[in-house]
Amino acid sequence: MSAFNKFKASVPIAWSPNLYITLVRGIPGTRRLHRRTLEALRLRKCNRTVMRWNTPTVRGMLQQVKRLVVVETEEMFKARKQNEANHQALRPPIVISHLPASATDSSK
């Protein structure tokens with residue numbers, strides 16, 4: 001089990017005031033009730049994330065579509081976004097000289 005999954009398992013959803021909900025499975029082929037629930041949550045496309053208040057109504061909606069979504073607390077969402085940003089950080093460019101070796105020596 002990865003560290004993120006351990007952290008995810010240890011933080012109860014009920015403690016967080018905000019929930020970050022990400023649609024991870026496609027809508028086609030799902031029941032009409034599930035599609036309507038996702039529409040009410042404002043989840044229209046895969047891999048889109050919305051923030052909702054942690055209320056019993058929202059938790060009930062999430063219980064209905066739990067196989068289609070991933071629910072994160074605010075801390076988990078920020079940690080994941082920070083990890084993605086670090087992974088995509090700018091790296092120093094690789095400089096490649098396409099000139100022959102003799103041409104680069106004579107220019108010095």
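How many salt bridges does a search of the whole structure find? The answer is three, and they link E72, R80, K81 and E84 in a network. Keep in mind as you explore that this is a predicted model. Let's start with a strand and then follow one of its partners to that network.

**Strand 1 and its neighbours**
- Strand 1 covers residues 18–23, and six of its six residues are buried.
- N18, Y20 and T22 point one way from the strand, while L19, I21 and L23 point the other way.
- Strand 2 (residues 49–53) pairs with strand 1 in the antiparallel sense, over five bridges. Here L19 stands opposite R52.
- Strand 3 (residues 69–73) also runs antiparallel to strand 1, and five bridges join the two. Here Y20 stands opposite E72.

- E72 meets the side chain of R80 in a salt bridge, with N and O 2.9 Å apart.
- Which of these two residues is buried, and which is partly exposed? E72 is buried, because its relative accessible area is 3%, under the 20% cut-off. R80 is partly exposed, at 23%.

- E84 and R80 sit four residues apart in helix 4 (residues 74–87), so about one helical turn separates them.
- K81 and E84 meet in a salt bridge too, at 3.6 Å from N to O. Both lie in helix 4, three residues apart, which is about one turn of the helix.
- E84 is partly exposed at 34% relative accessibility, and K81 is partly exposed at 38%.

Technical notes. Residues are numbered from 1 along each chain as its sequence is written. This is a predicted model: local features need pLDDT of at least 70, side-chain atom pairs count only at pLDDT 80 or more; totals for chains, interfaces and linings use all residues. Side-chain values use heavy atoms; hydrogens and water are left out. Buried means under 20% relative accessible area, exposed over 50%, partly exposed in between (1.4 Å probe, protein chains only). Two strands pair if DSSP finds at least two bridges between them. A salt bridge is a side-chain nitrogen of Lys or Arg within 4 Å of a carboxyl oxygen of Asp or Glu.
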